[in-house]
Amino acid sequence: MNSEDIKAIQELLAVPQQIVIIPHKNPDGDAIGSTLGLWHYLTNSGLSATIIAPNDYPKFLKWMPGNEHILNFERHNSQAKEKLAEASLIFTLDFNHLGRTGQMAPLLESSEAKFVMIDHHQAPSDYAVVTYSDVSKSSTCEMVYEFIAYLGGKDHISAEIANCLYTGIMTDTGSFKFSSTTSRTHRIVADLIDKGAQNTEIHHQIYDTNSPSRLHLLGCALKNMVILEEYSTAYITLSQEELDRYGYNKGDTEGFVNYGLTLDGIIFAVIFIENKEEGIIKISFRSTGNFSVNEFARTHFEGGGHTNAAGGKSDDTLSETVQRFRSHLKNYEEQLLIQSS
Ligand SMILES: [Mn+2]
């Protein structure tokens, strides 16, 4: 943020506002951690703020302090709509197109409120009075820490805020291993621990609260993995029938896609998950190095994201989608081979 942006934010927060904070649809650790971190900061500063999540999210994210105050737009629809109608200032966190809020998008597009965007994805759209967008940042949680620091509020980072922000930085960096993890990230995380983030407990809450059915589903996913050595690529499929067989719960497939990258020589990993209810195949893409899954997802699967992590979808059947995916690989053969050697 430049000094003009900081001044603009200070002026906005100096007058009474009805604030709403919004993460993207299907919120992840960074989306929930950043909205809750900012929410604690604003309410601790005496401001009135409400978080509205477009839809539900997995249980392993629900332990964060303040979670019980989050309105779910699907479940608390009339209350959430009321809050949106009253809103004078809306923070959108961890996304940069209003379409990423699903059903909420039309209400946001017609809202009279002023918007502030804090986000680290590529190609932000132009809806905010302050756009704090930085694709070099590991996570929106890291940016919320910087945001608070810009406002001179570092000393007001409570243990609650620290726990929320630590969670999002940890999940968005793959536990501090992705290339977006900088020395600055580690310094911020160190400061968050000093301020009360319970790092061991957070790791436990996120990674060590598996259900037996989730591990069995992971076993099925790994059995289904197809390795295409000639393209340094590995992909996983999960059909609706398989999800049903293992009693799938929301969030159960989180992280499955990363297993492909643990194979020696594999730099491109993909998971295709059938969703009969929505009639689509949901796709997650991961890579290491310079191979841009953001570009791949944008070009072929109506999605996007970051260089090394992106999402997409397909309206074709599972097998048609996989076939189409495989046919595209030929055009990336050189990039994939150069990268892996
Ligand atoms: Mn993020």
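Predicted model: local features only at pLDDT ≥ 70, side-chain atom pairs only at ≥ 80, totals over all residues.

Biologist: OK, core first. Which residues touch the most other members of the largest nonpolar core?

Modeller: Those are Ile21, Phe91, Ile118, Val144, Leu165 and Tyr166, out of 52 residues in that core.

Biologist: Let's take Phe91. What is Phe91 in contact with, leaving aside its neighbours within four places in sequence?

Modeller: Phe91 contacts Ile19, Ile21, Ile22, Leu38, Val116 and Ile118. There's also a second, separate core of 30 residues, with Phe268, Ile271, Ile273 and Ala310 among them.

Biologist: Switching to helices. How do the axes of helix 2 and helix 5 cross?

Modeller: Helix 2 covers residues 29-44 and helix 5 covers residues 140-150; their axes come within 8 Å and cross at roughly 20°. Angles under 35 degrees count as roughly parallel, so helix 2 and helix 5 are roughly parallel to each other. Their crossing is right-handed.

Biologist: And which residues meet there, between helix 2 and helix 5?

Modeller: From helix 2 you have Asp30, Gly33, Ser34, Gly37, Leu38 and Tyr41, and they meet Thr140, Cys141, Val144 and Ile148 of helix 5. Sorted by class, that contact has five nonpolar, four polar and one charged residues.

Biologist: Now helix 2 and helix 6. Are they roughly parallel or roughly antiparallel, and why?

Modeller: Roughly antiparallel. The axes of helix 2 and helix 6 (residues 159-172) come within 8 Å and cross at roughly 160°. Angles over 145 degrees count as roughly antiparallel, so that's why the pair gets that label. The crossing of helix 2 and helix 6 is left-handed.

Biologist: Who makes the contact on each side?

Modeller: Helix 2 brings Gly29, Asp30, Gly33, Ser34, Leu36, Gly37, His40 and Tyr41. Helix 6 brings Glu160, Ile161, Cys164, Leu165, Thr167, Gly168, Thr171 and Asp172. By class, the contact of helix 2 with helix 6 has five nonpolar, eight polar and three charged residues.

Biologist: Is Ala123 buried or exposed?

Modeller: Exposed, because Ala123 has 11 C-beta neighbours inside 10 Å, and 12 or fewer counts as exposed.

Biologist: What about Ala53, buried or exposed?

Modeller: Buried: Ala53 has 26 C-beta neighbours inside 10 Å, and the cut-off for buried is 20 or more. Ala53 is in strand 2 (residues 48-53). Not counting residues up to four places away in sequence, Ala53 touches Pro23, Pro27, Ile70, Asn72 and Phe73.

Biologist: Last one. Where is Glu86?

Modeller: In helix 3, residues 77-86. Glu86 counts as exposed because it has 12 C-beta neighbours inside 10 Å. Along the chain, Glu86 and Glu112 are 26 residues apart, while their C-alpha atoms are separated by 9.5 Å.

Notes: Residues numbered from 1 in each chain as written. Core = buried A, V, L, I, M, F, W, Y, C linked by C-beta atoms within 7 Å. Contact = placed C-beta atoms within 7 Å. Axes fitted to C-alpha atoms, helices over the stretch in contact; angles between N-to-C directions. Helix = DSSP H or I, 4+ residues; strand = E, 2+ residues; numbered from the N terminus. Parallel < 35°, antiparallel > 145°, perpendicular 65-115°, else oblique. Left-handed = near helix turned anticlockwise from the far one by under 90°. Nonpolar A, V, L, I, M, F, W, Y, C, P; charged D, E, K, R; others polar.
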